[in-house]
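The following questions and answers concern a single protein chain and the contacts within it. Please consult the sequence and the structure while reading.

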Amino acid sequence: MTKNILYVNNSNKGCDGSVLLDDTPYFVGEKTALPNMNSIRGFEVVDEIKAAVDKACKGPVVSCADILAIAARDSVAILGGPKFWYKVLLGRKDARYASRDAANVNLPPPFFNFSQLLFSFQSHGLNLKDLVVLSGGHTIGFAQCSSFRDRIFNDPT
């Protein structure tokens, strides 16, 4: 969950927590962008973590963007992934604006084939290894059958 949110958050505008923002009268956020539909979830977990940290520290001391970065690192280890530890540099600022249109342009949709995915990743400065690692991270959790049914059963319905 947190790895997917972190990837989406970084792919669009940088690690600023913009993917966490709900729609407002001034913008339509990233949560309802095509690549994010039925894909990322668990937003309430970030809210709970932030509330707990703010309460323990008697004030707002951590950004939601920093929480995403730390949670992504730790969730890999908790789920039995590589046991590497790296320091997560803190100090990110949370976004005050999000854009569904930008997410639709910058994030690869679930129906992209390999060549399209690789091109999309490369256009953001990522490589084949990044594609494999981030795609592997999407195997943790739940998948919507509609995302892969046509590739397995040759059934697009």
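The model is predicted: local features need pLDDT of at least 70, side-chain atom pairs count only at pLDDT 80 or more, and totals for chains, interfaces and linings use all residues. Residues are numbered from 1 along each chain as its sequence is written, and side-chain values use heavy atoms, with hydrogens and water left out.

Q: What distance does helix α3 reach from its first C-alpha to its last?
A: Helices are DSSP runs of H or I with at least four residues, numbered from the N terminus. Helix α3 covers residues 64-78, which is 15 residues.

Q: Which residue with a positive phi follows α3?
A: The phi of this residue is near 90°. The residue that follows α3 with this positive angle is Gly 80.

Q: Which type of aromatic pair do Phe 27 and Tyr 97 form?
A: Rings of Phe, Tyr and Trp (its six-membered ring) pair if their centres lie within 6.5 Å; planes under 30 degrees apart count as stacked, over 60 as edge-to-face and the rest as tilted. The structure holds two such pairs. In this one the ring centres are 5.1 Å apart and the planes stand at 65°, so the pair is edge-to-face.

Q: How many residues apart in sequence are the parts that Phe 27 and Tyr 97 tie together?
A: Phe 27 lies in the loop between α1 (2-12) and α2 (43-56), and Tyr 97 in the loop between α3 and α4 (100-106). The pair therefore ties together parts whose separation in sequence is 70 residues.

Q: Is Phe 27 buried or exposed?
A: Buried means under 20% relative accessible area, exposed over 50%, and partly exposed in between (1.4 Å probe, protein chains only). Tyr 97, its partner in the pair, is partly exposed at 45%. Phe 27 has 10% relative accessibility and therefore counts as buried.

Q: Which residue forms a salt bridge with Lys 31?
A: A salt bridge is a side-chain nitrogen of Lys or Arg within 4 Å of a carboxyl oxygen of Asp or Glu. Side chains of opposite charge can pair when their charged atoms come close. Lys 31 is partly exposed, with a relative accessible area of 21%. At 2.4 Å, N to O, its salt-bridge partner is Asp 22.

Q: Over the face of which residue does Lys 31 lie?
A: A charge sits over a ring if NZ of Lys or CZ of Arg is within 6 Å of the ring centre and within 35 degrees of the ring normal. Lys 31 is at 4.3 Å from the ring centre of Phe 43.

Q: Why are Asp 54 and Lys 50 separated by about one helical turn?
A: These side chains form a salt bridge, with the closest N and O atoms 3.0 Å apart. Both Asp 54 and Lys 50 are buried. The separation is about one turn because, in helix α2, they are apart by four residues.

Note on methods: Helix = DSSP H or I, 4+ residues; strand = E, 2+ residues; numbered from the N terminus. Expected span 1.5 Å × (residues − 1).
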